[in-house]
Amino acid sequence: MLKLLRNLPAIHELQQEKQFHEILQIQDFSKERLTEWVQAEVSKLRSDIIEGTFKDHTNFNQLIFERIDKRIKQLNKPTLQRVINATGTVLHTNLGRAALSKEAISRVAEVASHYSNLEYNLSEQKRGSRHDIIESLVKETTGAEAAMVVNNNAAAVFLVLKALASDKEVIVSRGELVEIGGSFRISSIMAESGASLVEVGTTNKTHFYDYEEAITEETMMIMKVHTSNFKTIGFTSEVASKELVSLANQRNLIIYEDLGSGDLFQFRNYGIGDEPTVKESLAYGLDLVTFSGDKLLGGPQAGIIAGKKKWIDRLKKHQLARVLRVDKMTLAALEATLIHYVKGSPEKNIPTIKSICLNADEIRAKAEAFRTMLPDNWRAELSKDVSMVGGGTMPAVELPTWLLLLSKEGAKTQSLYHALHKGSPAIVTRIKDEQLALDFRTIEEEDYGDILNRIWELE
Ligand SMILES: *Cc1c(COP(=O)(O)O)cnc(C)c1O
C-alpha cells in the first residue's frame, strides 16, 4: 500500500503531461478548473488505496487522464438531445412535438445571436410591443380582428379565464371537461383562475337549453373546449359553437373556444380528418379562440389567442400577460412558420404538415430505398399499417403507411429495440409482429445515414 501511495503522481507532474495541455486547448478548460479535477482524481485514488479497494499497479497518470476524459465526454453530451422518431406518430408528445421548418430555425439563429427590434419600433424610433411582431400574420391567417401570443396553450386558456372571468361564472358542457397530457384539466385551470365552473348537460349529451337555463346574473362566458384527444361515439350530442354564438350575443356573454390544436391548413382537402380551421371557427362569430403553436400548426411551443380586439386589448394589458410572455426565439420561429401559411405552401415547408400529408406510396418508396442499404445479415420486410397524428389531435384519424420490419440473425428484437434507444442519435421505433418496425412517415432522408451507422454499431 505504501508503495502505491508513493507512486501517486504529484499535481505539478500531471500538469506537465501532454494530455493536460491538450484538454486545456481542445476542450477550452481553464487551468484552475482542470487542476481541481486532477486533484480530485488523485484524492479519490489515495482514499481508494487506503481503504484497500485499489490494488493495481497501473500507470497512474494514464488512469487519471482516462477518468477525466470520461467526465468530459459526459459533460459534452447534452441531456436534451436529438432523437430519430421512427414511430410514425407525427406530433409525438414525448419527442418534442413539432419540428421546425428550415426557415424558422435560421430565423431563430439570426435573432438569438444578434440584437433585434423585439420591443423597438424602428420606423417611429420609439418603444414598441413584442405583440406587434406576429399579430398581423395571425390576423391574416385566421381572419381575427386581433391576436397575441403566450407561452403555450395552457397559459392562453389560463389568461383568458383569469383576465376575463375571474369571480364570475363560466358555462362548460360536461362532455368537454377534458384532461390533456401533462395533467392539464379544464376544471383545475378554471379553479386556479378564480372563475367558477358551471357544468351543463351530461357526459354524452348537452343541449342548447342546458346552456340557456344555466345563464345567471353571474355568468360571464360560455366556453367550448375542443375534445382533441378523444371521440365520443354512439348516443351523443353537443351544441356547435355556431349555435352558441347567437345565444352569447343575445345575453351579452363572451363566447370562447379552446381549439387545442388549431389548424390553419385544410387537412380535409387531403382527406385527413374533418377539423374546422381556426379561420372557419372564428367565422362563426366566436369572441376568442386559443390554440397551440406546436401541434398542427407546426411551429414552436406557444399559445395563440385570437379574436375580438376589445378582449385581446384587455388581455394584453393584464399583469399575467407579462408573466406568460414569449421569448424572441419563439416569436422568430412563429413568424417564419406563419409566413409559410401566408405564402400558401405549408405542406412543402413545415415538417409537421409535410409528414401528415405524405401518402402511403411516398412512404413505401422511402422504405424501399432504405432497405437496399441494410447489411446482409438483416432481414427487412414491408408491412402495411397506419400512423397517428399524435399530440392529442385527430385521435380517430388513421394515416395509411408502410413499415419496414427489421430483424437480425441471432438477435432478440427486444435487445435491438433497447440498444437503438441508447447511443447517439437515439432511435425510437415501434415493435410489430415481434420485429423492429420503422415507420418512414417521420424518418427524413437525412436520417438514413445515422440510422445505418447505429445499425452497423449493433454488428
Ligand atoms: C393541447 C391542448 C391544450 C394545451 O396546449 P399546450 O400548448 O400543450 O399547453 C389545451 N387545450 C386543448 C383542448 C388541447 O388540445
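Me: In this predicted model, how far does a polar side-chain atom of K295 lie from an oxygen atom of the ligand?
Reply: The model is a predicted one, and the distance runs from a polar side-chain atom of K295 to an oxygen atom of the ligand. A pair of N or O atoms counts as a polar contact within 3.5 Å, and for K295 the distance is 2.8 Å.

Me: What percentage of the area that the ligand exposes when taken alone does the protein bury?
Reply: Taken alone, the ligand exposes 380 Å². Of that area, the share buried by the protein is 93%.

Me: Which elements give two or more residues to the shell around the ligand?
Reply: The residues around the ligand include N153 and A154, as well as D258 and G260. The elements that contribute two or more residues to this shell span 153–165 and 254–260, and they are named α8 and β10.

Me: How many nonpolar, polar and charged residues does the shell around the ligand have?
Reply: Among the residues around the ligand are R97, S292 and K295, and a polar side-chain atom of R97 lies 2.8 Å from an oxygen atom of the ligand, while for S292 the corresponding distance is 2.5 Å. Sorted by class, the shell has 3 nonpolar, 6 polar and 3 charged residues.

Me: Does α8 pass α9 in a left-handed or a right-handed crossing?
Reply: Two packed helices are described by the angle between their axes and the distance between the axes. For α8 and α9 the angle is roughly 45°, and the crossing in which α8 passes α9 is right-handed.

Me: At roughly what angle do the axes of helix α7 and helix α15 cross?
Reply: Helix α7 takes in residues 132–142 and helix α15 takes in residues 328–342, with axes that come within 10 Å. The crossing angle makes α7 roughly parallel to α15, and α7 passes α15 in a left-handed crossing. The angle itself is roughly 30°.

Me: Which residue is joined to P425 by a cis peptide bond?
Reply: Most peptide bonds are trans. P425 has its place in the loop between α19 and β15, and the cis peptide bond there, with omega of about -10°, joins P425 to S424.

Me: What is the phi of N252, which is not a glycine?
Reply: Most residues other than glycine have a negative phi. N252 lies in the loop between α11 and β10, and its phi is positive, at about 65°.

Conventions
Residues numbered from 1 in each chain as written. Predicted model: local features only at pLDDT ≥ 70, side-chain atom pairs only at ≥ 80, totals over all residues. Heavy atoms only, no water. Near = heavy atom within 4 Å. Polar contact = N/O pair within 3.5 Å; in protein donor to acceptor, adjacent residues only side chain to side chain. Areas by Shrake-Rupley, 256 points an atom, 1.4 Å probe, with all protein chains shown as cover. Helix = DSSP H or I, 4+ residues; strand = E, 2+ residues; numbered from the N terminus. Nonpolar A, V, L, I, M, F, W, Y, C, P; charged D, E, K, R; others polar. Axes fitted to C-alpha atoms, helices over the stretch in contact; angles between N-to-C directions. Parallel < 35°, antiparallel > 145°, perpendicular 65-115°, else oblique. Left-handed = near helix turned anticlockwise from the far one by under 90°.
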